[in-house]
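Subject: Structure handover

Hello,

Here is the structure for you to look through. My notes on it follow below.

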Amino acid sequence: MSAQLNTARPVRRTRRRRPKGNPLVGLGALAWLVIVLVPLYTLLSSSLTRQEQALSGNPLAFPTDPTLENYNTVLSSGFFTLLFNTAVVAVATVAIVLALSVPLAYVAVRTRSRLSSMAFRTFLLGVAIPAQAVVVPLYLLIAEMGLYDSLAAVILPTAAFSMPVAVLVLTSTLRDISEELYEAMGLDGATPLRMLWQLAVPMSRAGISTVAIFSALQAWNGFLFPLILTQSEEQRVLTLGLFNFMGQFGLNVPALLAAVVLSVIPIFTVYLFARRALVNGLMGVGGK
Amino acid sequence: MTEVSTPLEKQRSRAAAATKRGRRTAAGQGFGRPSVTWALPGIIFFGLFAIVPMALAVYLSFCSWDGLTSPTLVGLDNWTRLFKDPEFRQAGWLSLLLTVISWAFQTPIALMLGVWAAGRQRNRAVLSAIFFVPLLLSTTAIAVLFHSLLDPNFGVIKEIGPWFGIDPNILGSSTGALLTVAFVGGWQFMPFHTLIYQGGTRQIPQVLYQAAAIDGAGPVRQFFSITLPQLRNTITTSSVLMIVGSLTYFDTVLIMTKGGPGTDTTIVPYLMYRTGFQSYDLGYASAIATALVVVATALSLLMVKFSGFGSMRSTREGM
């Protein structure tokens, strides 16, 4: 249909083409595509290469006889513990972030008290606190609480540091729900809690899933908190495991890269299903 | 031009909305306002694990502490040491350099890709999906990956490097290592900034382009006279995130270079980690961390101030 319109009205055509496909920019995009793809391709192909060949052969060539041996090596090196721990950290982080941020954002949007706007501002400031700045005191705090070297030691700060962005995203979604809907529910005698549960939460599903995915990603990929706040093998998460494999596998680069691939698969699966929510959420961070 | 409202106009409309709502509440029609106590668990939790540690970091920066015995106050010792410490000076310089390189490297490419991705080319969606992949990999995974790719003996660099005149032992050279760290960071975060620019570009009113086309402005002119000025706030957001991001770079350095060769990639966060958790000089490490926050915050505030970018509240407007 649009093609018809284009031929019929040349003016529309210029608009539809906006911004014009600049060949130079297209070329640049293609160049960046190569820069993105070459490492990813090498990651996959090397992880399928036998160790002897990896040391001698051309790393750009696809392995002549691909093998899953490296994946076996990784899976039998305690990979499942790492996976399990990481999953626990991610799920718990998401649960805490949602349980605390949704009511907070709801209060920030729906009450106009001084306290709630102050809290909101504090959270905005929180976006700026880098994790590095607080690891030393967190180490002290977590040790004092008797949580050092436990998964909770990773979960609690990770959740706290996901909250500013969560509150930011949630307030902007909640703000879009019109006051009339609350009024209608209020006339039916609904309590604030019911309004939150039956109106605000369902209507802000998009924001909630963005927050869930975003904080899960943070937890899944976190490195500094686990590095500083845990120690034993039983509490190790994937990122630390990868770091550890670097020493353990030494020259067995294919196994190391197989471990990298395995660590990415769960995230990638989530990405395939929740691509839209993730992309839209991230796009919303910048905005205009 | 209605979208380009001045701060004053925004304030006014906000104030108008507020009084409208206020009147409604006064008339007893504000239904089901939640109690502020609902926010308390979240506030307390965030306070305990983010705000308190931040304050504690400042306190610890005035202490001597080895991590085992309890911290003892030593006054300004750490701070005077900080200002005289040649290691810190070098780390600060390297951090600054890394930030500038990262910014100069990422901004033009992310801007280009973002504007490109906002268009309607065929295959754009597929390509954008591929561009996005590095963002899914953890910094650790990426650092481990590039560490292997850049191994001078059996990494890809052995094959590709010579094509571009790059010495395969790039991580062994001081400039090379720093540039590599900047490149790897760019590789990872480019899709994020591309998305930001894509979102910003999509929000530019099409009328502007129509008007420009009628006036006979070509694509290049349109880019410089419309797209770029309209993306001013987006550029600020992206730049602030980039600056804070590269000032707090850590995983990549720890995994890929261990601060080396020598101390040539020992940027401030890595110096803090080494001082605190390898030399167990946690008081001094806290001073370094505090200095880092002060600089990062100051730079962000400066950028926000200079570009007149007020609040992040309305980021999702019109999406």
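Start with a salt bridge: the side chains of A:Arg110 and A:Glu179 meet at 3.1 Å, N to O. A salt bridge here means a side-chain nitrogen of Lys or Arg within 4 Å of a carboxyl oxygen of Asp or Glu. A:Arg110 lies in helix α5 (residues 69–110) of chain A and A:Glu179 in helix α9 (residues 179–187) of chain A, so the pair ties together parts that are 69 residues apart in sequence. Helices are DSSP runs (H or I, at least four residues), numbered from the N terminus. Side chains of opposite charge can pair when their charged atoms come close. Over all chains, the search finds four salt bridges.

A word on the ground rules. This is a predicted model, in which local features need pLDDT of at least 70 and side-chain atom pairs count only at pLDDT 80 or more, while totals for chains, interfaces and linings use all residues. Residues are numbered from 1 along each chain as its sequence is written, chains are lettered from A and ligands numbered from 1 in the order in which they are written, and side-chain values use heavy atoms, without hydrogens and water.

Next, the interface. Contact (heavy atoms within 4.5 Å) involves 107 residues from chain B and 109 residues from chain A. The two chains bury about 10,100 Å² between them, 76% of it on carbon and sulfur atoms. Buried area is the accessible area (1.4 Å probe) that two parts lose on being put together, summed over both. How many salt bridges cross between chain B and chain A? The rule finds zero. On the side of chain B that touches chain A, helix α2 (residues 40–60) of chain B gives the largest share, 14 residues. That side divides into 70 nonpolar, 26 polar and 11 charged residues. Nonpolar means Ala, Val, Leu, Ile, Met, Phe, Trp, Tyr, Cys and Pro; charged means Asp, Glu, Lys and Arg; the others, Gly among them, are polar.

Finally, two backbone angles. Phi of A:Asp149 is near 65 degrees, a positive value in a residue other than glycine. A:Asp149 sits in the loop between α7 (131–144) and α8 (151–174) of chain A. Phi of B:Lys258 is near 50 degrees, also positive in a residue other than glycine. Look for B:Lys258 in the loop between α12 (251–256) and α13 (268–278) of chain B.

Best wishes
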